[in-house]
Amino acid sequence: MAVNDTIADMLTRIRNSTLARHQTTEVPATKVTRSIAKVLQEEGFIAEFSEAGEGIQTNLVISLKYKGKNRRPIINALQRVSKPGLRVYSNCRELPKVLGGIGVAIISTSSGIMTDRDARRQGVGGEVLCYIW
């Protein structure tokens with residue numbers, strides 16, 4: 001099935017998997033989804049990710065992280081900000097802080113996809129893709 005918004009599809013699959021307490025989830029592999037998964041892994045929201053399949057049918061297998069005996073998910077919420085119908089851009093001085101710095105905003109910049117902290121440090125702005133906390 002063709003998906004127009006691969007980022008929203010990825011976030012929805014991760015959200016549904018964490019609510020159902022699944023260990024892994026599969027997401028169609030694109031350059032953007034790989035970059036977002038890499039940022040999520042660097043920030044400690046997911047354990048790891050790998051690619052499965054070949055050719056056009058390549059998927060990212062994302063291992064989710066939980067904490068404690070009750071297996072509470074590390075990811076509490078995911079929110080898509082910039083959508084295909086309404087793009088949201090921000091310069092380096094106006095980059096959002098999610099929950100006062102507890103959460104992470106993922107930004108698509110000219111230097112690649114990175115967190116809001118990295119974008120501030122490098123002095124670049126860009127499209128605000130999503131918030132995660």
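Student: Which residues of α2 are buried?

Tutor: In α2, the buried ones are Thr33, Ile36, Ala37, Val39 and Leu40. Buried means under 20% relative accessible area, exposed means over 50%, and partly exposed is in between, with a 1.4 Å probe and protein chains only. Helices (H or I, at least four residues) and strands (E, at least two) are DSSP runs, numbered from the N terminus.

Student: Before we go on, what kind of model is it?

Tutor: This is a predicted model, where local features need pLDDT of at least 70 and side-chain atom pairs count only at pLDDT 80 or more, while totals for chains, interfaces and linings use all residues. Residues are numbered from 1 along each chain as its sequence is written, and side-chain values use heavy atoms, leaving out hydrogens and water.

Student: Which non-glycine residues have a positive phi?

Tutor: Arg21 does, at about 60°, and so does Arg71, at about 55°. Most residues other than glycine have a negative phi. Arg21 is in the loop between α1 and β1, and Arg71 is in the loop between β4 (66-67) and β5 (72-73).

Student: New topic: what's the strand order in the open sheet?

Tutor: β1-β3-β2, three strands with antiparallel pairing. Two strands pair if DSSP finds at least two bridges between them. The edge strands, each pairing on one side only, are β1 (24-28) and β2 (46-52). From one strand to the next the twist averages 25°.

Student: How many bridges join β2 to β3?

Tutor: Six, and the two strands run antiparallel. Glu48 has Ser63 in β3 as its bridge partner.

Student: What does α2 touch on the sheet?

Tutor: α2 packs on the sheet and touches β1, β2 and β3, its direction making about 155° with that of β2. Contact means heavy atoms within 4.5 Å. Axes are lines fitted to C-alpha atoms, for helices over the stretch in contact, and angles run from 0 to 180 degrees between N-to-C directions. α1 lies across β1 and β3, at about 170° to β1.

Student: How many residues are in the largest nonpolar core?

Tutor: There are 24, and Ile14, Ile36, Leu40, Ile62, Ile106 and Ile132 have the most contacts inside it. Such a core is a set of buried Ala, Val, Leu, Ile, Met, Phe, Trp, Tyr and Cys residues joined through side-chain atoms within 4.5 Å. A second, separate core has 10 residues, including Leu95 and Tyr131.
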